[in-house]
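Dear colleague,

I am passing on the structure we spoke about, and I would be grateful if you could look through it alongside the notes that follow.

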Amino acid sequence: MFLSTPFSDVIDRVEGTLASPDNVYERHLSAMAEMYEDAEAVAAAGDPVIYKVYEKKIPELAGELQWCMSVTLPGKIGREYYMTKGHFHEVRDTAEIYLCVRGTGYMLMETEDGQSKALEMNPDVAVYVPARWAHRSVNTGGEPLISFCVYPGDAGHDYGTIETEGFRKRIVEIDGRPAIIDNRPSS
Ligand code: S6P
Ligand code: ZN
């Protein structure tokens, strides 16, 4: 049974906001401090906002679609670029589409069995995140990295593995350019 009624909303491609979000949250560095490689840089950074999310409230049902705007701010902690926490979907067999509308960066993805992939994000690039791939937005540019995200209504978020293990790759600045480096050996 479908509970939604038709609606529309307006995306601000510059700010990354929705005109009428049902839920807005900001993730500060303190909520993900252990995810960065450089603890000294974390301690010196204060507690900046790393990213913001503007969501519509949709029933968490398989036939529905969640949608939101994801805004990762520009900056680095040490040499490591600002990024989202990253997650698997709680319902593993659910995919997601990101449409980048502003900024420059990567969608960093990996599977539980050790595959990794980083796809560049620029305005008008649409990224397909398949089912069973954890995903994290990384902003390697000088302006906000903004995407419109769509994913199944019941997908949910599973942060557990990423919180304890991290991603296998990190994206850091080396010689003034983004570089994708190993974080930990594949198991
Ligand atoms: C949800 C989708 C995005 C992220 C958002 C924040 O499936 O992938 O809306 O939730 O980019 O990232 P995170 O990793 O903190 O949920
Ligand atoms: Zn997701």
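What arrangement do the six donor atoms around the zinc ion (ligand 2) make? The model is a predicted one, and in it the six donor atoms subtend angles of 72 to 174° at the zinc ion (ligand 2), which makes the arrangement octahedral. For comparison, the ideal angles for six octahedral donors are 90 or 180 degrees.

The protein's own contribution to this site comes from His87, His89 and His135, each through NE2, together with Glu96 through OE, and these donors lie 2.0 to 2.3 Å from the zinc ion. Written as a sequence pattern, the spacing of the donor residues is H-x1-H-x6-E-x38-H. His87 sits in the loop between strand E5 (80-81) and strand E6 (96-102), whereas His135 belongs to strand E10 (residues 133-139), so this pair ties together parts of the chain that are 48 residues apart in sequence. Both residues are shielded by the protein: His87 has a relative accessible area of 9% and counts as buried because the cut-off is under 20%, and His135, with a relative accessible area of 1%, is buried as well.

Turning to the sheets, one of them is open and has three strands in the order E8-E7-E10, paired in the antiparallel sense. E8 and E10 stand at its edges with a single partner strand each, so one side of each has no neighbour in the sheet. On average, neighbouring strands of this sheet are turned by 20° against each other, direction ignored. Within it, strand E7 (residues 105-111) and strand E8 (residues 116-121) are joined by six bridges, and Tyr106 has Glu120 in E8 as its bridge partner. These two strands form a hairpin with four residues between them, and in the turn Gly114 has a positive phi of about 105°.

A further open sheet has six strands in the order E1-E2-E3-E11-E6-E9, again with antiparallel pairing. Its edge strands are strand E1 (23-28) and strand E9 (126-129), each of which pairs on one side only, and the twist from one strand to the next averages 20°. E1 and strand E2 (residues 49-55) run antiparallel and are joined by six bridges, with Asn23 standing opposite Glu55 in E2.

At least two lining residues are supplied by each of E1, E2, strand E3 (65-72), E6, E10 and strand E11 (145-152), while the largest share, three residues, comes from E2.

With best wishes

Terms used: Residues numbered from 1 in each chain as written. Chains lettered and ligands numbered in written order. Predicted model: local features only at pLDDT ≥ 70, side-chain atom pairs only at ≥ 80, totals over all residues. Heavy atoms only, no water. Donors = N, O, S within 2.8 Å, 3.2 Å for Na, K, Ca; no water. Tetrahedral: all angles 85-135°; square planar, octahedral: opposite > 155°, others 65-115°. Buried < 20%, exposed > 50% of the residue type's maximum accessible area, 1.4 Å probe, protein only. Pairing = 2+ DSSP bridges. Axes fitted to C-alpha atoms, helices over the stretch in contact; angles between N-to-C directions.
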